[in-house]
Amino acid sequence: MTLLLFVVIIFFLPPATRAADCVCVKDPHPSEEQVKADRRQVYDKAAAVFMGKVVALNAYTVTFRLEKRWKGDSLDVVILSTGAVPGYDGTPLPEECSYQFQLGKEYLVYAFGAAKKMKAYACSTLLIENAAEEENGLDEIKPYETIREIPMSVSAL
């Protein structure tokens, strides 16, 4: 009886917010083997895996200038769909779990879907400053291809 009540409550309660539908569930203390297996699984499912800078952005598309590529077409620019759809008043509504990119920022992206409809999701996109471990793990799967030389910052000299 308690189980039935729990199931009824879960299915008939409205979600608290849109964001509640997009949760990246990860083991807080995964083994190294599990991290590698999970990374490989996401890599295998992705249509493209790259590091790039957002050079153009609107409500419906995001354009990257690639710097590194682990998987995907041999282009130096990739355009992803944001997944947004026009709302009833024409205002774009973002797709749940889509990543909200910022112009000028660099990201490591796993992109999914067909060539002209690829999308990136919140659980598989990292800001470059948080991606060093992921980059190293990807290099173990397949060494990256340099697309553009990454300019050395003045502070690195």
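Tutor: Start with a term. A pocket is an open set of grid points where a 1.4 Å probe fits, with protein on both sides within 12 Å along at least five of seven lines. Keep in mind that this model is predicted. In this structure, the second largest pocket has a volume of about 210 Å³.

Student: Which residues lie nearest the centre of the second largest pocket?

Tutor: Asp-73, Leu-75, Val-78, Ala-115 and Met-118 do, out of a lining of 15 residues. Strands S1, S2 (61–71) and S3 (77–81) each supply at least two residues of that lining. By class, the lining has 10 nonpolar, 1 polar and 4 charged residues.

Student: What is the volume of the largest pocket?

Tutor: The volume is about 790 Å³. The lining of the largest pocket has 25 residues, and Lys-26, Asp-38, Val-42, Cys-123 and Glu-134 lie nearest the centre.

Student: Let me step back to the whole chain. How many helices and strands does the protein chain have?

Tutor: There are 3 helices and 8 strands. Read along the sequence, the pattern is α-α-β-β-β-β-β-β-β-α-β. Trace that order in the structure above.

Student: What share of the residues in the protein chain is buried?

Tutor: Buried means under 20% relative accessible area. Of the 157 residues in the protein chain, 27% are buried. As for the surface, the accessible area of the chain comes to about 10600 Å². Carbon and sulfur atoms hold 60% of that area.

Student: And the contacts along the chain?

Tutor: Take the contacts with a separation of 6 or more. Residues 24 or more positions apart account for 56% of them.

Student: Now a strand. Is S6 largely enclosed or largely open?

Tutor: S6 is largely enclosed by the rest of the structure, because 6 of its 7 residues are buried.

Student: In which sense do S6 and S7 pair?

Tutor: Look at the direction of each strand, then at the bridges. S6 (residues 106–112) and S7 (residues 119–127) pair in the antiparallel sense over 5 bridges. Val-109 has Thr-125 in S7 as its bridge partner. Ala-111 has Ala-120 in S7 as its bridge partner.

Student: How many residues stand between S6 and S7 in the hairpin?

Tutor: There are 6 residues between them. Gly-113 sits in the turn and has a positive phi of about 110 degrees.

Student: How many bridges join S1 to S6?

Tutor: S1 (residues 48–57) is joined to S6 by 6 bridges, and the two run antiparallel.

Student: How should I read the phi of Cys-97?

Tutor: Begin with the general rule. Most residues other than glycine have a negative phi. Cys-97 has a positive phi, near 70 degrees. Cys-97 is placed in the loop between strand S5 (92–93) and S6. The residue counts as partly exposed because its relative accessibility is 26%.

Student: Now H3. Is Glu-135 buried or exposed?

Tutor: Glu-135 lies in helix H3 (residues 132–141). Its relative accessible area is 13%, so Glu-135 is buried.

Student: Which residues is Glu-135 in contact with, leaving aside neighbours within four places in sequence?

Tutor: A contact needs heavy atoms within 4.5 Å. Glu-135 is in contact with Met-51, Lys-68, Trp-70, Leu-108 and Ile-128.

Student: One last residue. Where is Tyr-144?

Tutor: Tyr-144 is in the loop between H3 and strand S8 (145–146). At 34% relative accessibility, Tyr-144 counts as partly exposed. Not counting residues up to four places away in sequence, Tyr-144 touches Lys-68, Arg-69, Trp-70 and Asp-139.

Student: What separates the C-alpha atoms of Tyr-144 and Glu-67?

Tutor: Those C-alpha atoms are separated by 9.6 Å, while the residues are 77 apart along the chain. Find both in the structure above.

Terms used:
Residues are numbered from 1 along each chain as its sequence is written. This is a predicted model: local features need pLDDT of at least 70, side-chain atom pairs count only at pLDDT 80 or more; totals for chains, interfaces and linings use all residues. Side-chain values use heavy atoms; hydrogens and water are left out. Helices (H or I, at least four residues) and strands (E, at least two) are DSSP runs, numbered from the N terminus. Buried means under 20% relative accessible area, exposed over 50%, partly exposed in between (1.4 Å probe, protein chains only). Two strands pair if DSSP finds at least two bridges between them. Accessible areas come from the Shrake-Rupley method with a 1.4 Å probe; for residues, only the protein chains shown count as cover. On a 1 Å grid over the protein atoms alone, a cavity is a set of points where a 1.4 Å probe fits but cannot get out, and a pocket is an open set with protein on both sides within 12 Å along at least five of seven lines; lining residues have an atom within 4 Å of a point. Grid points are joined across faces, edges and corners, and a volume is the space filled by probe spheres set on the points. Ala, Val, Leu, Ile, Met, Phe, Trp, Tyr, Cys and Pro count as nonpolar, Asp, Glu, Lys and Arg as charged, and the others, Gly among them, as polar.
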